[in-house]
Amino acid sequence: MEIKKKHREIENKRTLETGKILGVCEVCGVLIGIGDEQADARHLVGKQHLGYEQIRNKLRELREGAENRKEMRKRYRERQQAREQREQEDEAERDKDREVRRKERSREDDGKRKEKETQKNQRSVT
Ligand SMILES: [Zn+2]
């Protein structure tokens, strides 16, 4: 709030010099007489004041736009990360299923092999 302090200094200095109570306009930075309604009304429709007002409004608009875009990018990144995590989990689940099926097949094969061996052994005995 260094600027506010500077404002106050300028206001005090000029007030002492002119004998009028002065204030710095928050929009355009010009020193204006406080309590002088006519001067105040003229100031508010002056070119400098209106120009600064337009600049400040545009600046606010641009900042809000930038803020919104930042927010949108953040949400997009979060959704993408969630999707990637889901895909990884799905992949891990599929790997597990494949492993289970592989073991089942391997057990079945063992069973068939043993069966064949027993048949062979029985034939050689008879
Ligand atoms: Zn002004």
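**A guided tour of the predicted model**

Begin by selecting the two domains: the C-alpha centres of domain 1 and domain 2 lie 39 Å apart. Domain 1 covers residues 1-40 and domain 2 covers residues 46-95, the bounds coming from an automatic or database domain assignment. This is a predicted model, in which local features need pLDDT of at least 70 and side-chain atom pairs count only at pLDDT 80 or more, while totals for chains, interfaces and linings use all residues. Residues are numbered from 1 along each chain as its sequence is written.

Next, select the contact between the domains, to which domain 1 gives four residues and domain 2 gives five residues. Two residues are in contact if their C-beta atoms, placed from the backbone, lie within 7 Å. On the side of domain 1 that touches domain 2 there are four nonpolar, no polar and no charged residues. Here Ala, Val, Leu, Ile, Met, Phe, Trp, Tyr, Cys and Pro count as nonpolar, Asp, Glu, Lys and Arg as charged, and the others, Gly among them, as polar.

Now display the whole chain as a cartoon. Helices (H or I, at least four residues) and strands (E, at least two) are DSSP runs, numbered from the N terminus. Along the principal axes, the C-alpha atoms fill a box of roughly 130 × 25 × 15 Å.

Select helix α1, residues 2-18. Its 17 residues should span 24 Å at 1.5 Å a residue, and its end C-alpha atoms are 24 Å apart, which agrees; the expected span is 1.5 Å times one less than the number of residues. None of the 17 residues of α1 is buried. A residue is buried if 20 or more other C-beta atoms lie within 10 Å of its own, exposed if 12 or fewer, and partly exposed in between, with C-beta atoms placed from the backbone. Just after α1, select G19, which takes a positive phi of about 80°.

Finally, move to E71 in helix α3, residues 47-125. E71 is exposed, with 10 other C-beta atoms within 10 Å.
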